Amino acid sequence: MASKKGNKYVIDEANNIAKIELNRKGKENLWTIIDLEDLEKVINFPYTKYTKYNHTNDEYYVVASVYHPELQQSRPIFLHQFLMNANGKDVDHKNNNTLDNRKFNMRVVEESNNSKNRKGRNKNNKSGYRNVSLINGKWVVQLQIDGKNKRLGKFDDVHEAGKFAEEMRQKYYGEFCGKG
């Protein structure tokens with residue numbers, strides 16, 4: 001195991017990846033995966049990487065704080081944006097694992113497509129199916145289409161609504177339909 005700038009890393013040549021340890025105060029450390037070809041770029045980045053928890057999607061992201069003297073403050077830079085040269089644009093993790101920062105798993109996207117590719121339903125969901133909620137005694141399927149909430153169907157059976165919701169995500173979201 002090697003170390004540089006506060007983060008230990010392990011090279012896995014057989015899989016052409018590097019694993020970087022992310023220290024968390026008082027908690028179990030996490031690891032991020034990058035392509036081996038990006039290791040030098042990441043090592044030479046002069047800031048220590050750490051995890052940042054995102055409550056919206058219940059995931060951790062790899063971040064570094066970069067000090068901007070002209071602003072007299074630090075700003076975060078996300079590893080996935082750094083590796084994809086995204087220049088502030090959104091980067092989607094195709095497999096929904098935000099600690100898997102290999103290039104084949106990431107794509108630069110519009111914000112609307114990034115929010116479509118989710119791994120599952122909201123935390124407060126009671127139906128058990130993404131995009132299905134109980135409204136006035138009916139299971140209602142709703143999706144965001146062109147930035148607007150659209151009700152696409154009402155069902156008596158929650159499983160039928162769940163199946164329909166999956167079909168509608170495939171239809172409207174395509175490759176960004178996500179899981180569950």
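Asp-35 is found in strand β4. In this predicted model, Asp-35 has 13% relative accessibility, and because buried means under 20%, Asp-35 counts as buried. Buried residues make up 39% of its 180 residues.

**Asp-35 and its surroundings**

- Asp-35 and Ala-18 are 17 residues apart along the chain, yet their C-alpha atoms are separated by 6.2 Å.
- Leaving aside neighbours within four places in sequence, Asp-35 is in contact with Asn-16, Ile-17, Asn-101, Arg-102 and Lys-103.

**Chain as a whole**

- Among contacts between residues at least 6 apart in sequence, 36% join residues at least 24 apart.
- The chain exposes about 11200 Å², and carbon and sulfur atoms supply 46% of that area.

**Confidence**

- The mean pLDDT of the protein chain is 82, and 85% of its residues reach 70 or more.
- Among the elements, strand β1 (residues 2-4) has the lowest mean pLDDT, 46.
- Strand β9 (residues 100-101) has the highest mean pLDDT, 96.
- Where pLDDT is low, the predicted coordinates should not be read in detail.

**Nonpolar cores**

- In soluble globular proteins, nonpolar side chains tend to be buried together.
- The largest nonpolar core holds 20 residues, and those that touch the most other members are Ile-34, Leu-39, Val-42, Leu-79 and Leu-83.
- Two or more residues of this core come from each of these elements: β3 (17-22), β4 (30-35), α1 (39-44), β6 (59-68) and α2.
- Another core, of 11 residues, lies apart from the largest one, and its members include Val-132, Trp-139, Leu-143 and Met-168.

**Val-141**

- Val-141 lies in strand β12 (residues 138-145).
- Its relative accessibility is 0%, so Val-141 counts as buried.
- Beyond four places in sequence, Val-141 is in contact with Asn-131, Val-132, Lys-150, Arg-151, Leu-152, Gly-153, Phe-155, Ala-161, Phe-164 and Ala-165.
- One of these contacts, Phe-155, is 14 residues from Val-141 in sequence and 8.3 Å from it in space, C-alpha to C-alpha.

**Aromatic rings**

- The structure holds four aromatic pairs.
- One of them is formed by Tyr-53 and Tyr-60, whose ring centres are 5.1 Å apart; their planes meet at 55°, so the pair is tilted.
- Tyr-53 counts as partly exposed because its relative accessibility is 28%.
- Tyr-60, at 25% relative accessibility, is also partly exposed.
- Tyr-61 and Phe-78 form an edge-to-face pair, 6.0 Å from centre to centre and with 90° between the planes.
- This pair links distant parts of the chain, with Tyr-61 in strand β6 and Phe-78 in strand β7 (residues 73-78), 17 residues apart.
- Tyr-61 has a relative accessibility of 15%, so this residue counts as buried.
- A charged residue also sits by a ring: Lys-41 lies over the face of Phe-82, at 4.8 Å from the ring centre.

- Gln-81 lies in helix α2 (residues 79-83).
- At 17% relative accessibility, Gln-81 counts as buried.
- Neighbours within four places aside, Gln-81 is in contact with Ala-86, Gly-88, Lys-89 and Val-91.
- Asn-85 is found in the loop between α2 and β8 (90-93).
- Asn-85 is not a glycine, but it has a positive phi of about 50°.
- The relative accessible area of Asn-85 is 54%, so this residue is exposed.

**The loop between β6 and β7**

- Gln-72 is found in the loop between β6 and β7.
- Gln-72 has a positive phi of about 55°, although it is not a glycine.
- At 66% relative accessibility, Gln-72 counts as exposed.

Key:
Residues are numbered from 1 along each chain as its sequence is written. This is a predicted model: local features need pLDDT of at least 70, side-chain atom pairs count only at pLDDT 80 or more; totals for chains, interfaces and linings use all residues. Side-chain values use heavy atoms; hydrogens and water are left out. Helices (H or I, at least four residues) and strands (E, at least two) are DSSP runs, numbered from the N terminus. Buried means under 20% relative accessible area, exposed over 50%, partly exposed in between (1.4 Å probe, protein chains only). Contact means heavy atoms within 4.5 Å. Accessible areas come from the Shrake-Rupley method with a 1.4 Å probe; for residues, only the protein chains shown count as cover. A nonpolar core is a set of buried Ala, Val, Leu, Ile, Met, Phe, Trp, Tyr and Cys residues joined through side-chain atoms within 4.5 Å. Rings of Phe, Tyr and Trp (its six-membered ring) pair if their centres lie within 6.5 Å; planes under 30 degrees apart count as stacked, over 60 as edge-to-face and the rest as tilted. A charge sits over a ring if NZ of Lys or CZ of Arg is within 6 Å of the ring centre and within 35 degrees of the ring normal. pLDDT is the predictor's confidence in each residue, from 0 to 100.
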